[in-house]
Amino acid sequence: MADPDADDVLESLAELPTLAHPTASPDGSKVAYYHDVTGRNELHVLDVETGETEQWSDGEVPRNARWHVEWDADGERVFFHLDDSGDEQNDVYAIDAEGTVEPVVEMDGQVAVHDVSEDGETLLVGSTRDGQMNLYAHDLASGETTKLTDYDRAVWTGLFSPDGDRIAYVTNESDDFDNMDVYVADADGSNPRNLAVGETGAEAGPADWGPDGQRLLVSDNSTDLGRSGVYHLDSGEVEWFESEFEEQPHCFTADGEGFVAIRTREAAKMPVVYDLDSGEGRELALPEGVASPAGESHLADDRLLLTHTTPTRRPDLLAYDLESDETETLIEAEYGPFSPAEFADAEYVTFESDGVPETRQAAVEHDPYDTLEIGGLLYDSGERPSPLIVNPHGGPRAMDTKSFDLYTQFLVAQGYSVLQVNYRGSTGRGRSFVRELYDDWGGAEQGDVAVGAEHVLAEYDWLDEDRVTVFGGSYGGYSAYWQLVQYPDLYAAGIAWIGLTDLDDQYENTMPHFRTELMEKNIGTPAENPEFYRERSPVEYVENLSAPLFVLHGVNDRRVPVSQARLFREALDEYGYTEGEDADYEYEELGEEGHASSDIDQKIRLFRLLADFLDRRVGVEAAAADD
C-alpha cells in the first residue's frame, strides 16, 4: 500500500462531498439533489429563498448517485430510482419531507422516469420490461402501468406536453440505422407522427415543450454540428439557430421568448441563451469550464439553476439571473483539507493524427487513416521525472472536458501526470467526427490515443517514457485492453476497469438498448460482421500482453457484464500467464457494485487498489526497485 500520508490524501479526496442531479421544484422555490456530505449518498432539499437545507432520506436512496431525481407536480414528493447494488434494474420510489418512502413503479428490467404530467396524475417512464426500451404511462392514483410505445429500436427522451394530452419522444423506424427522429403522439401512445426534423440519417431529438404547447425545442445534426431548432406544430416549420460550435438545446426560458442551449468549445461547455425574435445567442458570463443547467432549471425571478466547475474547482450550485447576469452561489463546493490551488489545472493540447502511431502495431496492422487534429487535456503532477497515465474516456460517445475530475486529481496527487485524449468518435465536434468511429472500434480512435501519448512524451521532456500506464473504464476499459495488446511496446503497465474484452459476449449479454443503440449502430451485429467482432476483441490477442495488467470489474454490472473480465482472465490463464502481485496480471472483482460507483466507501476501495498497483508497478516503489 501507499505510505500513510498518501493514504490520508487518498481518503480525503474520496470523502470530498459530491452534489449530484440538482433539479428545481415546479414552482422554482426548492431544489432537490443528492449529496453525500454525511458519508453516504442521501436526498437533500434546499429552500432557495432562505438558503436552508433539509435531509429527506436516511439510507433509503441508493448509495450510488447514478440516476436523476424528479419532483412530483405539487412539489411535495421526489421520485428516485432504486436498484440492487448497482445493477441498474431500477424501480421507482417516492419520498416526502417526513422521510416517508413508498414504491411507485416496480417492473422487471430497467425503469427510468422521463417526465411527470403537470396535473400530477401520470408518470412517463422508460422501461426494458418487454425487452427493448419503450415508454410506459403509470397512473399514480390507480397504480396501473400502460405500455405506450412498442418499437424495435429504443425510445428516448419522453416528454409530456403542458396540457398532458400529447407526448414527444425520439426513436427510429427508418432503414438508416444511424437515423433518429422526433415523434409526437397522443398521451395514450396513439396517432404517433414523425415530425421529419432534419434529414434522414441525421439524429434529431426533443428537448422541451414550449409553454403554449404549440412548439417543441429540438436538436439536430443534419448540418454536421449539433444545432437547436424551434418546431411549430401548427405549421410543421422549424426555425434553426446555429453557430460555429456544436450546441445542444436544453430548455425554453420561463417566458417562452428564448431558450437555453449548451455550447461546446474545445473542452469547455457553456450555456448560451438565444432570443427567439432576434435569433441572437449570448454565452452566460461565467469562467471557462463546464456549466450545466439542472434537470429542471427554472427558479423564480427568471433565474437559471446550474452547476459550474473547472479542472481545479469542484461544482458549485448557482442561480444565474438571465436579466442582470448576476450569479448567486446556492451551495458552495467543499474542499476539505484542500484548496483549489492545490489541484492540477488542465492544459489543452492538440496534435495531428492519422490513426497510426510510430510504435509497433502488434494485433492488427492499419494503413494510415485521414489525418485529423485531435485535442486532449494534460495534467502535470509536478513530479520530475513524472510517470504518465494515459486515460481514454468511456462512451465512446463522450468527451473529456475542463471540469473537476476526482479520478484525475487522485492520480495527480499520487504523482502521476495524466493525458486524456478526445479521439475521433468523441462528441463536441459534430456528427462526422463521431462517425469516424463507426465500423472501426479498435482502429483509428485507438491510434489517436497512442499518437497522443507519443506526442506529449516528445513535447514534454519531464515525462518518463519508461513509466507510461494506460487506465480506463467502460469503453475506456476496452481502450486499456486494446492499447496493451495492440501497442505493447508503449506501456509499462495497464489498468482495465469495467472494460470490454469479447465483443460477441458483450453483444449477447448487455442490456437491449445498449445492444441496438451502441453496438449495432456503431459496428453492426455479430451475424453481419463476425470477422470484425473477432478481430477487434482484445481477448483474441492475450499473447501480446507484455506489461503488468490489473483487471477490475463490478460483479453487478449490466452494461458491461463481469463475464468480460472473466473471459479475459481465462484466456490469460490458458496462455500461461500467472496471477499475483509480482506476476503477470492482477484481478479484482468488486462486490456490491455495478458499472462504477459514486459511493464514498467504494471509491476509497477503488482508489486504494489503484494506488497500490501503480506504486508497485510504475510508481516510486517500482522506480526504487529498478534503481
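Me: Partly exposed means between the buried class, under 20% relative accessible area, and the exposed class, over 50%. This is a predicted model. As what does D224 count at its relative accessibility?

Reply: D224 sits in the loop between β18 (215-220) and β19 (227-232). Its phi is near 90°, a positive value in a residue other than glycine. Since its relative accessibility is 25%, D224 counts as partly exposed.

Me: What is the phi of H21, a residue other than glycine?

Reply: H21 belongs to strand β1 (residues 19-24). With a relative accessible area of 26%, H21 is partly exposed. The phi of H21 is positive, near 55°.

Me: R166 is buried and has no salt bridge; how far away is the nearest side chain of opposite charge?

Reply: R166 is part of strand β14 (residues 166-171). A salt bridge needs a nitrogen to oxygen distance within 4 Å. The nearest side chain of opposite charge to R166 is D163, and the distance is 4.2 Å.

Me: Which residue has its backbone oxygen 2.8 Å from a polar atom of the side chain of R166?

Reply: Leaving aside residues up to four places away in sequence, R166 touches several residues, including F160, D186, W209, G213 and L233. Among these contacts is the residue asked for. The backbone oxygen 2.8 Å from a polar side-chain atom of R166 belongs to G213.

Me: R227 forms a salt bridge with D220; how far apart are the closest N and O atoms?

Reply: R227 counts as buried at 8% relative accessibility. D220 is buried too, with a relative accessible area of 2%. The closest N and O atoms of the R227 and D220 salt bridge are apart by 2.8 Å.

Me: How are α4 and α5 oriented to each other, roughly?

Reply: Where the helices meet, E445, Q446, V449 and A450 of α4 contact Y475, Y478, S479, W482 and Q483 of α5. The axes of α4 (residues 444-459) and α5 (residues 475-486) are 11 Å apart, at an angle of about 75°. Angles of 65 to 115 degrees count as roughly perpendicular. Therefore the orientation of α4 and α5 to each other is roughly perpendicular.

Me: Which residue is joined to P396 by a cis peptide bond?

Reply: P396 has its place in the loop between β31 and α2 (406-413). Omega of the bond is about 0°, and the residue joined to P396 is G395.

Definitions and conventions
Residues are numbered from 1 along each chain as its sequence is written. This is a predicted model: local features need pLDDT of at least 70, side-chain atom pairs count only at pLDDT 80 or more; totals for chains, interfaces and linings use all residues. Side-chain values use heavy atoms; hydrogens and water are left out. Helices (H or I, at least four residues) and strands (E, at least two) are DSSP runs, numbered from the N terminus. Buried means under 20% relative accessible area, exposed over 50%, partly exposed in between (1.4 Å probe, protein chains only). Lys and Arg count as positive and Asp and Glu as negative; His and the chain ends are not counted. A polar contact is a pair of N or O atoms within 3.5 Å; within protein, one must be able to donate a hydrogen and the other to accept it, and residues adjacent in sequence count only if both atoms are side-chain atoms. Contact means heavy atoms within 4.5 Å. Axes are lines fitted to C-alpha atoms, for helices over the stretch in contact, and angles run from 0 to 180 degrees between N-to-C directions. Angles under 35 degrees count as roughly parallel, over 145 as roughly antiparallel, 65 to 115 as roughly perpendicular and the rest as oblique.
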